[in-house]
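Have the viewer open and follow along.

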Amino acid sequence: MATTTSAFHRKIEVVSPTRQRVMGILFILLGLALVFFFTPGLSQGQVTTFGLSLATSDIQLPPWQVHTLPTLYGLAVVSAILGGIQLARGFGRYTNWVLGLVVGFFIFGFLVWAAAGKSLNLVGMLNTTLSRSVPITLGALSGILCERSGVVNIAIEGMMLTGAMVSALVGSITQNAWIGLLAAIFAGALLALIHAVLSIKYKTNQIVSGTVINIFATGLTSYISAKFLQVNQALNNPPTFGGTPIPLLSEVPILGPVLFNNSIFVYVMFVLLIVLNIALFQTRWGLRLRAVGEHPKAADTLGIDVFKTRYMAVILGGMVAGFAGGYFTLGSAGRFDEVMTAGRGFIGLAAMIFGNWNPFGAFGAGLLFGFADALASRLAILGVAIPSQFLLMAPYIATMIVLAGVIGRARPPAADGIPYEKE
Amino acid sequence: MNPEKTPQPPDFGKLVLEEINHEAAPPPQPERRKRGIPQSVLIPLLAVLTGLIFGAIFIILTSQEVYNGFGQSFGAGLTAMWDVVARSYTALFTGALGDPVRMINALQSGNALEIRRAFNPFLESLVTSTPYIFAGLAVALGFRAGVFNIGAEGQLFMGAITATYVGYKLVGLPMIIHLPLALLAGALGGAIWGFIPGWLKAKTGGHEVINTIMMNYIAFRLSEWLLTGPMKRPGSYNPVSPEIQPSAWLPRFFEDPIRFHLGFFLALGMAYVVYWFLFKTTWGFELRTVGSNPYGAKYAGMDVTKNTVLAMTLSGALAGLAGANEVLGVNHSLAMAFSSGYGFDSIALALLGNNHPVGVVLASLLFGTLRNGATSMQLSANVPNDIISVLQAVILAFIAAPAIIRSLYRLRKPAEGEGMITIKGWGG
């Protein structure tokens, strides 16, 4: 009986008729939205121009021109057809891929509309998207490390903020960006240690402990900033990591300027992403970490030290968050400003959930959120009437929708947030 | 007094119980009451004390004077340490409660303005405490019902927005109608922002911690948009709303510069209402039962869904009142920077006050006083007022992990489990 029920449930997870219908309707609605929101006001024969190379590139590609109205109608029709197929037959386990495709169509349609009669540098846009996604993705990776081991970490924001401040301070004193970055990683680890001791040793509520760290980090960084950094500008003038183009690869058309002409933060993010994915899912280390997060008692019975594993995971997570903090000062602004992370840590948390606690899923979410961020800053330039605040809201709303299970259920590690009591 | 005592009727239930048990009631246990203050009061006090000591260490470590002093001689260093801490905490104290010498001088001089100025710090502390009371009650009420409302900040913003809108949009109403209407609008705005995550938790299991964090940022962006767009003050370059009609202002009791207003008493009244609701009504009882034992509550036929939604909505309403209180009582218009993190501090307040309305009021008075004093500490002792956040974090850590305090002060572990909140993981 029990097996049949669970098999039944699994079947529901994969091809729930409600979900199939919701998805199909969603695809069609997105297609309709393309027509209703974007086509009015456009005239026949209008052209959207997408730039495909940066001004600095050696190989200049000719810009890509699309006819605005036909493109929009085309995208809408394809979306609607996909929706129809989804309603009639369903794409089964490929539904999420099709969803990604339709959302991609919608975003592309949006860009085609926003830049109608004008020119938008697509490559520059994608490059900005990637660099904006760095702190979000790194924050998400930090969260994944902690939460896969069963410790909820809402203190990513605080760790990032502290990392940003420390890297500015140490980087300015030593005039060495690398030492500044190391200091940021160390600061993140230190805060993570506090979080770990509070939540693992003292079994404090992990959300309270995270709040403690967030309040502490806000106070500490603002205090140091007001007392030293603003008074003595020499203390807030760290050297930065500029762009580091990778030879040859950065000259590849389109891909080169987007992927291989970035600061080291982007490259490290890619390396971390791959390493973490392999480590979590292909190694004994990762299996143990996940076991501790899913069923600590069973892991303990098998001789895995639950406490040690959790300490390690939380501190590693803190190091990643501290590194992400370094991005703000050493990789981007070149100085520390009070509360400069502006909620990126919490968006990272959202990206983690959105990506279902998987590194690559989180990266995808980070890209999406980074895109919203990049787009928000260009709307004004393009002269689009949509307030940028609504685009900036989108990640949060999307996360709530995902969390509500409308588009597939996000499933956290089973023991996430529950302190382990050794018997 | 009546000298003849009427004989007490025998306690019938007790007799029956004795009959059933076939034994006499156990001899009264010798009084095992511990001497001194119970730990539920002692630990918060010690946490605050330790927090202040931490703050002092922090001030010393970041003071140039101290390093200069130690550069000269050890004695000079120690003197500098003492000087810095004494100056900072004196400024904190006089900034928060007023300078006694100045008060006496002012009273003797009889100058009305000087008297107001001398007593202003104390009253200003009450003004600062007021939103803390509302927001702290909001979080405490949530905790009592087993929901973690980390979104008080967003609810506060929404309450401020709706109260401001009603405050400046409706013109020509008498105060007796306009003010309650604006307050109600504030409560409603917050309530909606609390209802959504509550409903999502009850219906879909989406964890309220994540949803309220997301709602916080949605509220920030929304108010940013409103203040730069539809609610922008005409002719102003700053993102600020039009001024609220005086008929919706919370009345002030004194002339300038004293800003002490009716909101403080509203907050105290609300604390009583929350106490009455939680501990004297059936709804409150259900709420607390759902919070302490959701399975038991379900078994007893209580509607867990309804209570979760109700708790989040009420919590949001209280947080919304905090926002309304600030715009109607202090600022008289809405600007982006009107909240200095009341919503996040309120988590500390609720826990420091043991989730009891009386405790929350006391904790709020303490934090409000500290915050207010910190401003003058910044001016006269060059200690940035952000130190208060550091203090709050340290205090909160000690409250959340009382074992640290116990080992610091060699307190005994209480026999029964502690009343710390237990929230399960993201799963719901």
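Phe37(A) sits in helix 2 of chain A; helices here are DSSP runs (H or I, at least four residues), numbered from the N terminus. This is a predicted model, where local features need pLDDT of at least 70 and side-chain atom pairs count only at pLDDT 80 or more, while totals for chains, interfaces and linings use all residues. Residues are numbered from 1 along each chain as its sequence is written, chains are lettered from A and ligands numbered from 1 in the order in which they are written, and side-chain values use heavy atoms, with hydrogens and water left out.

## Where the chains meet

On the chain B side, 47 residues are in contact (heavy atoms within 4.5 Å) with 44 residues of chain A. Together the two chains bury about 4,000 Å², and carbon and sulfur atoms give 78% of that; buried area is the accessible area (1.4 Å probe) that two parts lose on being put together, summed over both.

How many salt bridges are there between chain B and chain A? The count is zero, a salt bridge being a side-chain nitrogen of Lys or Arg within 4 Å of a carboxyl oxygen of Asp or Glu.

## Salt bridges overall

Over all chains, the whole structure has ten salt bridges. One of them pairs the side chains of Arg132(A) and Asp373(A), at 3.6 Å, N to O. Arg132(A) lies in helix 5 (residues 122-148) of chain A and Asp373(A) in helix 15 (residues 359-382) of chain A, so this pair ties together parts that are 241 residues apart in sequence.

Note on methods: Helix = DSSP H or I, 4+ residues; strand = E, 2+ residues; numbered from the N terminus.
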